[in-house]
Amino acid sequence: MELRNARAGQKAGLADNLSAAMNDNLHQLRCFGCGARIAGAAARPDFRCAQCGELFEVEYPGWSERKGPDRPNPGALKWLWRERRCSAEALDNSGVWRFRELLPILESFGNAVTLREGTTPLYHLTRAAKRLGIDRLFAKHQGMNPTGSFKDTGMTAALSVAKERGFEWVACASTGNTSASMAAYAARAGLKSLVLIPDGKIAWGKLSQAMDYGAVTCQLKADFDGCLTLLTQIVNEAPIYLLNSVNPYRLEGQKTPAFEIAEAFDWSVPDHLIVPGGNLGNSSALGKGFREMHELGLTARMPKISVIQAAGANPLVHCVNENCGNFIEPVEAHTRATAIRIGNPASWRKAARAIQETGGWCLDVTEAEIAIAKAEIGTEGLGCEPASAVTLAGLKKLKTEGKIAPSETVVLVLTGHTLKDADYTIDFHRGTLLDKDEATGREAEIEGLRRNAQVVEATPAAVLAALKGRAG
Ligand code: F0G
C-alpha cells in the first residue's frame, strides 16, 4: 500500500513538473491560410479567419520557443502516459486526456467531459496481410470508441471547451457519426444539442443514436455540404457552439490516436498510415499528431500518410494529383459509403499538407472495391463501416502500383463500427447492394465473400446440409 502511495506521489509530482513545462504557454489559434494568430476565445463562431476566411489550427507557442534544458523530457512523458494506463482516474482512463500534456486547451482539466474514449485496439490483419504480401499490416479500430466512431476523440476535446466557455447549445452538420458523438457528449455534459443531417442519406444506426441521446435532429433536403453551410449561418446569428471539424479543438482530440499508434510500436512509427477522407478533419488531425510528436522529439520521423476517397466523392484526389494541393474544386458527391459523401471538404488544405509533407498519396476507390474490402475486413472478425473500408481498398491499389513494399509496416485507420450501417452489410450479403455495372468484372470476388442467411427447416439434417455449402 505504502509502495503504491509512493508511486502515486511520484507520478503526481512528475505530472505537475511536466504540465508546468508544457502548459505555461497558453494555446493560440493560427490561421492556416494567412498565418494570422488570435487568442482561442477570439475565434468567430464559424471558426473562419476574419481576414482570409481560412480555418485555424491550435498552436502552442511555448513548445517551439523552449529549447535546451527546459524542453520537456520525452522519456518522462512516455513513462507518465504509460503509468496512467493503470490509474483509476477518469481522465487517465481516456485515451485522449491520458496525453493531456500535448493538448493543453482547457483552463482546467476538471472541465473535461469524457466517456473513456480512445485506447482503441490495434489489430494485426493476418489474412489481408498474407493475401497482399505485407508482413506487418494493422488496423487501428476507432470504431471501438464509446459511440462507435473516431469522432469521440475529437468530441471530448471540443465539447469540453464548449462547456468551459459556458455554452448551453452545441450543434453540428453531419453524415451521422459526428451527430451521434456530439449528442452523447452533450448529454453527459448537460448541454443541449442540435443536429442537421441530409434527409435519407445517413445510416439508421447513427440517426438512432442522436435521437436516443436527446438531440434536436433536423433532417434537411440538402446534402452534407448544404447542411454545414446552413449551420454556419445559424451559429453566426445565435449563441450556439459549432462542433464540426472546422472547430480546431476537435482536431486536438483527434490527433491522439497518433500517439496511441506510436506508443503501440514502442515510439518507432509505422511506415505508412492510410486514412479515409471525407471532410478531411481526421487525416489533418493525425498529421498534426505525428508532426508534433516528431517536433517534440518523441519520435524520429513521421509515417507516410495516404488519404483514400470514394470515387464518387473525390475532390481531394483531384486537388492533390492535378492541382498540386493548391485549390479544390467541389464535386457533387455520390457514394453508398454515406459517411464520406462529401463534395466540398472543409479541411482540404490541412489534409493536402499532411499528404505532401509525408510523401503519401491520395487516391479513390470504386463502390465495388469498397464493398469487397469491407467484406474482407469482416472475415477477419473485425468488421467496419463502409467508409472505413476504403483504407483496405486503397492499400490494395497502392500495393499493385508498387507504392508499398512488402517489408513496410502499414496501419489502416478504421473509423467506424460495423453495426453503424447494418443495412449496407445485409444488402451486400443478399447480393442487392451493387448494380450490375458496378459489379462487372468483380462478380467472382463478390460471390466468394457473400454469406447470405438461409431459410432452412428446423431439423438436424437440414441444418447439417447447410454446412455442406461451406465445407473447407
Ligand atoms: N469514416 C467515417 C466512419 C466517418 O463518419 C467520416 C466522417 C469519415 C470517415 C471521414 O472523416 O470527415 O474527418 O475526413 N464523418 C463525418 C460525420 C463527416 O458527419 O460524421 P473526415
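Helix α12 (281-295) is mostly covered, with 13 of its 15 residues buried. Buried here means under 20% relative accessible area, exposed means over 50%, and partly exposed is anything in between, using a 1.4 Å probe and protein chains only. Helices are DSSP runs of H or I with at least four residues, strands are runs of E with at least two, and both are numbered from the N terminus. All of this comes from a predicted model, in which local features need pLDDT of at least 70 and side-chain atom pairs count only at pLDDT 80 or more, while totals for chains, interfaces and linings use all residues. Residues are numbered from 1 along each chain as its sequence is written, and side-chain values use heavy atoms, with hydrogens and water left out.

After α12 comes Gly297, with a positive phi near 80 degrees.

Now for the ligand. It is surrounded by 19 residues, the closest being Thr175, Gly278, Asn279, Leu280 and Thr415; a residue counts as near if one of its heavy atoms lies within 4 Å. Both α7 (177-189) and α12 supply at least two residues of this shell. As for polar contacts, meaning pairs of N or O atoms within 3.5 Å, a polar side-chain atom of Ser174 sits 2.8 Å from a ligand oxygen. The side chain of Asn177 likewise places an N or O atom 2.8 Å from an oxygen atom of the ligand, and a polar backbone atom of Asn279 is 2.7 Å from a ligand oxygen. On its own the ligand would expose 470 Å², and the protein buries 99% of that; these areas come from the Shrake-Rupley method with a 1.4 Å probe. The space taken by the ligand is the largest cavity, a cavity being a set of points on a 1 Å grid over the protein atoms alone where a 1.4 Å probe fits but cannot get out.

Two residues other than glycine have a positive phi as well. Phe47, with phi of about 60 degrees, is found in the loop between β2 (37-39) and β3 (56-59) and counts as buried at 3% relative accessibility. Thr119, with phi near 50 degrees, lies in the loop between α4 (90-93) and β4 (122-124) and is partly exposed, at 38%.

Finally, a couple of helix residues with some surface. Lys130 in α5 (residues 126-132) is exposed, with a relative accessible area of 73%, and its C-alpha atom is 45 Å from that of Thr229, 99 residues away along the chain. Asp427 in α17 (residues 422-430) is partly exposed at 29%.

Notes: Polar contact = N/O pair within 3.5 Å; in protein donor to acceptor, adjacent residues only side chain to side chain. 1 Å grid on protein atoms, 1.4 Å probe; cavity = no way out; pocket = protein on both sides within 12 Å on 5 of 7 lines; lining within 4 Å. Sits in = over half its atoms within 2 Å of the grid points.
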